[in-house]
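Subject: Handover of a structure, with findings

Dear colleague,

Please find the structure below, followed by an account of what was found in it. I would be grateful if you kept it open while reading.

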Amino acid sequence: MTSNVNMEKIVSLCKRRGFVFPSSEIYGGLASCWDYGPMGVELKRNIKDAWWRTIVQQREDVVGLETSIMMHPKIWEASGHIASFTDPLVECKSCHLRWRATEVDRDRCPKCGGELTEPRMFNLMFKTLMGPVEDEAGTIYLRPETAQGMFVNFDNAVTISRRKLPLGIAQIGKSFRNEITPGNFIFRTREFEHMELEYFVKPDTAKYWFDYWVKERFNWYTNLGIRKENLRLRQHGKGELAHYAEDCYDVEYLFPMGWSELEGIANRGDYDLSQHAEYSGRDLSYYDDESGQHYIPYIIEPSAGVERSFLAFIIDAYREEMVEGEKRVVLRLCPSLAPIKVAVLPLSRNEKLTPLAREIHKQLRSNFMTWYDDSQSIGRRYRRQDEIGTPFCVTIDFESLEDHQVTIRDRDSLAQIRVPIGELEKTLRAKLNGEPFDVSSLWATRQK
Ligand code: GAP
């Protein structure tokens with residue numbers, strides 16, 4: 001089963017409307033690297049803000065952290081990444097393309113049919129050199145996950161937050177993986193952003209918190225508008241678990257290429273803190289003053305990718321609809337995620353309308369992310385806003401000069417209401433917070 005939208009349409013919309021461009025495009029691009037345009041950065045920020053609000057701001061038991069990308073190389077020995085963060089790689093003896101062995105179901109190259117080599121393990125971490133001397137002693141790694149920075153700061157977080165377990169540490173930041181086969185647009189890339197929570201718990205409560213976080217994370221996506229029928233949970237089989245995991249569920253989304261991982265929620269047991277205690281020589285056990293016990297906390301880890309969420313939110317919001325015999329493409333994004341909340345559109349570029357429209361725009365933009373557009377017909381401007389998912393357009397017409405009212409157009413129902421300029425900001429705020437678009441009463445206002 002695949003979703004109704006094909007990836008070409010999404011890639012084209014993302015390019016056309018300034019969400020995502022190929023990186024280094026004027027030099028021919030760089031494989032699997034992407035740049036985020038004016039709409040893309042806003043959507044990304046909104047996704048990260050929504051995650052931070054639910055995971056950190058609205059909770060008493062989670063604190064934030066920002067750790068460095070480059071860390072002590074021993075961290076990656078302790079974590080098991082040097083030994084185990086590998087994929088089996090096969091290479092075509094004719095065209096030299098490389099494949100993840102798990103992706104090819106025959107012993108022939110999927111591209112040219114050439115013979116494939118025996119699989120060898122390929123480490124996915126990017127290596128680089130720190131300092132001015134180019135020798136092995138300076139080898140460091142770009143982090144492949146933000147998680148390790150939080151494990152090695154567990155002691156700091158407990159001390160500074162003065163909180164007891166369960167305690168979570170949250171971080172959003174870039175990670176790097178030298179993926180053998182990146183692809184499917186921004187689904188699998190070599191540079192991406194992680195949103196990770198490391199939730200430290202008493203070992204005998206780990207099962208409870210694991211189930212709790214699996215539910216919470218599933219609901220986070222549906223609360224932000226993803227349709228339930230396009231999401232599912234899948235438990236990892238024993239052979240599939242990462243080297244650190246005791247149990248793991250993936251939240252999967254029905255992408256155009258089929259059901260694929262959106263986020264993983266793992267029970268990492270006491271693996272991480274035990275390993276770092278052993279390799280660093282620091283005691284990372286926790287003293288529980290209620291039970292009078294020392295123990296190594298278990299870690300429950302919901303780990304999501306910003307770009308994968310970005311892709312799922314756009315795909316799920318994408319609709320092609322017929323409106324009065326014409327096709328419109330609309331992104332029905334949840335208003336909190338929409339890059340632009342309000343577009344200000346004077347009916348035309350007439351010199352009488354412009355000052356009022358500019359004044360309204362100036363007022364609104366200190367409170368909302370806005371866009372001012374006075375080029376081309378009003379119909380085309382509405383369509384442009386529909387394609388980037390703007391929930392509301394405010395139109396200023398010649399009547400506005402007389403009655404000091406403007407029209408608000410709703411992206412989803414296409415309904416329009418007329419409101420006094422003095423009430424515009426309050427009305428928009430209420431609508432963005434979910435107040436229904438009650439057409440009847442406000443049209444009545446207009447008739448007066
Ligand atoms: N710390 C645990 C961890 O990193 P993971 O399952 O490897 O777990 C978690 O990654 C999430 O990060 C994935 O569900 C996905 O959303 C995102 N992710 C992982 N690799 C990615 C890549 N190469 N490109 C884009 N996103 C990626």
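How many positive and how many negative side chains does the protein have, and how far apart do the centres of the two sets lie? The protein has 60 positive and 67 negative side chains, and the two centres are 5 Å apart. Here Lys and Arg count as positive and Asp and Glu as negative, while His and the chain ends are not counted. The place of a charge is taken as NZ of Lys, CZ of Arg, CG of Asp or CD of Glu.

The model is a predicted one, in which local features need pLDDT of at least 70 and side-chain atom pairs count only at pLDDT 80 or more, whereas totals for chains, interfaces and linings use all residues. Residues are numbered from 1 along each chain as its sequence is written, and side-chain values use heavy atoms, with hydrogens and water left out.

The protein as a whole

The protein contains 14 helices and 23 strands. These are DSSP runs numbered from the N terminus: helices are H or I with at least four residues, and strands are E with at least two. The C-alpha trace spans about 75 × 65 × 50 Å along its principal axes.

Of the 448 residues, 52% count as buried. Buried means under 20% relative accessible area, exposed means over 50%, and partly exposed lies in between (1.4 Å probe, protein chains only). The accessible surface comes to about 21,700 Å², and 49% of it belongs to carbon and sulfur atoms. Such areas come from the Shrake-Rupley method with a 1.4 Å probe, and for residues only the protein chains shown count as cover.

Among the contacts with a separation of 6 or more, 64% are made by residues 24 or more positions apart. A contact means heavy atoms within 4.5 Å.

Helix 2 and helix 7

Helix 2 (residues 38–57) packs with helix 7 (residues 206–223) at an angle of about 145 degrees, and their axes are 12 Å apart. The axes are lines fitted to C-alpha atoms, for helices over the stretch in contact, and angles run from 0 to 180 degrees between N-to-C directions. Where the two helices meet, Ile47, Ala50, Trp51, Thr54 and Ile55 of helix 2 face Trp213, Arg217 and Trp220 of helix 7.

Helix 2 also holds Lys44. Is Lys44 buried or exposed? Lys44 counts as buried because its relative accessibility is 8%. Leaving out residues up to four places away in sequence, Lys44 touches Tyr36, Glu193, Val306, Glu307 and Phe310. Lys44 and Met257 are 213 residues apart along the chain, and their C-alpha atoms are separated by 22 Å.

Helix 8 and its surroundings

In helix 8 (residues 271–280), the residues Asp272, Leu273, Gln275, His276 and Ala277 are buried. Which elements do the buried residues of helix 8 pack against? They pack against helix 3 (73–79), helix 5 (147–151), helix 6, strand 10 and strand 16 (298–305).

Leu273 has a relative accessibility of 0% and therefore counts as buried. Apart from neighbours within four places in sequence, Leu273 is in contact with Phe151, Phe154, Phe200, Leu284, Ile296, Pro297 and Ile299. Leu273 and Pro203 are 70 residues apart in sequence, and 12 Å separates their C-alpha atoms. Just after helix 8, Gly281 takes a positive phi of about 80 degrees.

Loops and backbone details

Leu165 and Pro166 are joined by a cis peptide bond, with omega about 0 degrees. Pro166 is in the loop between helix 6 (154–161) and strand 9 (167–176).

Two residues other than glycine also deserve attention. Phe185 has a positive phi, near 60 degrees, and is placed in the loop between strand 9 and strand 10 (191–201). Phe185 counts as buried because its relative accessibility is 8%. Glu324 has a positive phi near 45 degrees and is found in the loop between strand 17 (318–323) and strand 18 (326–331). Glu324 counts as exposed because its relative accessibility is 81%.

Two further residues

Ser260 lies in strand 13 (residues 258–267) and, at 12% relative accessibility, counts as buried. Glu399 lies in helix 12 (residues 398–403) and, at 38% relative accessibility, counts as partly exposed.

Yours sincerely,
A colleague
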